[in-house]
Structure formats: structure tokens, C-alpha cells
Amino acid sequence: MSISDPPPPPGPPPPPAEKRSGCLTALMAIAGIFMLLPGLCALLFGGMSVVEGGQIPSDVASLVFLGLVIGIGGVVLIWAAIMGRKAPRARNGS
């Protein structure tokens, strides 16, 4: 005869995942669209500088770079608004 231990009681259920409100998602998307405008201007003015002079003047280069960085931030913000928040992975080792 063997004595087996009863299975342990189940743990407490995980808390429900917090969902982002639709208003925050819309604000993120709108802010991302506004952030795309400096990136578009940077591409336009940078392209015009290259076509006219063959290179970007040093006084315009920093503004073009800043506009591109803001535009990339807008793309990331729109991506984050569309993808939403993912549920965290379980920590129970499986």
C-alpha cells in the first residue's frame, strides 16, 4: 500500500489584465499623426537640399535630423496605439 499526497489546492486566479481605454488609443494615434508631419517636412527639405546643392548644408542638417527623429517617434507611437498592450507572460516556469 502506498500513501499518495493529495494535490495542492489551486492558487488564486491571476488578476484581470488592464485594458487601455479607447480614448487613450485615439489620442496616441492622433499625436503620432501630428508627429509624422515634421518627419515629412524633413524628408522634403532634405531632399530639396540634396537635389539643389548635392549635399545638405550644415545649418539644415541638424533640423532635418531632428525632424526625422520626431517622425520616427510618431511611427512608434502609432504602432503602439494599434498593437495595444500585450498580456504579461506567466511566471510559473511553463
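This is a walk through a predicted model of one protein chain, from its overall layout to a few of its residues. Local features are described where pLDDT is at least 70, side-chain atom pairs count only at pLDDT 80 or more, and totals for chains, interfaces and linings use all residues. Residues are numbered from 1 along each chain as its sequence is written, and side-chain values use heavy atoms, with hydrogens and water left out.

Let's start with the overall layout. The chain's secondary structure comes to 2 helices and 0 strands; here helices (H or I, at least four residues) and strands (E, at least two) are DSSP runs, numbered from the N terminus. Helix α1 covers residues 22–53 and helix α2 covers residues 58–83. Of the 94 residues in the chain, 13% are buried. The words for accessibility have set limits: buried means under 20% relative accessible area, exposed means over 50%, and partly exposed lies in between (1.4 Å probe, protein chains only).

Now look at how the two helices sit together. Their axes come within 7 Å and cross at roughly 150°. Each axis is a line fitted to C-alpha atoms, for helices over the stretch in contact, with angles running from 0 to 180 degrees between N-to-C directions. α1 and α2 are therefore roughly antiparallel to each other, a label given to angles over 145 degrees, while those under 35 count as roughly parallel, 65 to 115 as roughly perpendicular and the rest as oblique.

Contacts tell a related story, where contact means heavy atoms within 4.5 Å. Taking contacts in the chain between residues at least 6 apart in sequence, 79% join residues at least 24 apart.

M35 touches I70, G71, G73, G74 and L77, leaving aside residues up to four places away in sequence. The C-alpha atoms of M35 and I70 are 6.0 Å apart, although 35 residues separate the two in sequence. M35 has a relative accessible area of 28%, so it is partly exposed.

Elsewhere in helix α1 you will find L40. Its relative accessible area is 55%, which means that L40 is exposed. From C-alpha to C-alpha, L40 and I70 are 9.9 Å apart in space.

Further along helix α1 come G47 and S49. G47 is partly exposed at 31% relative accessibility, and its C-alpha atom is separated by 9.7 Å from that of V64, 17 residues away along the chain. S49 counts as buried because its relative accessibility is 15%. Not counting residues up to four places away in sequence, S49 touches G54, Q55, I56, P57 and V60.

In the segment after α2 sits G84, which is partly exposed with a relative accessible area of 31%. G84 and T25 are 59 residues apart in sequence, yet 7.9 Å apart in space, C-alpha to C-alpha.

Finally, consider the cysteines. A search of the whole structure finds 0 disulfides, a disulfide being a pair of cysteine sulfur atoms within 2.5 Å. C23 is exposed at 54% relative accessibility, whereas C41 is partly exposed at 39%.
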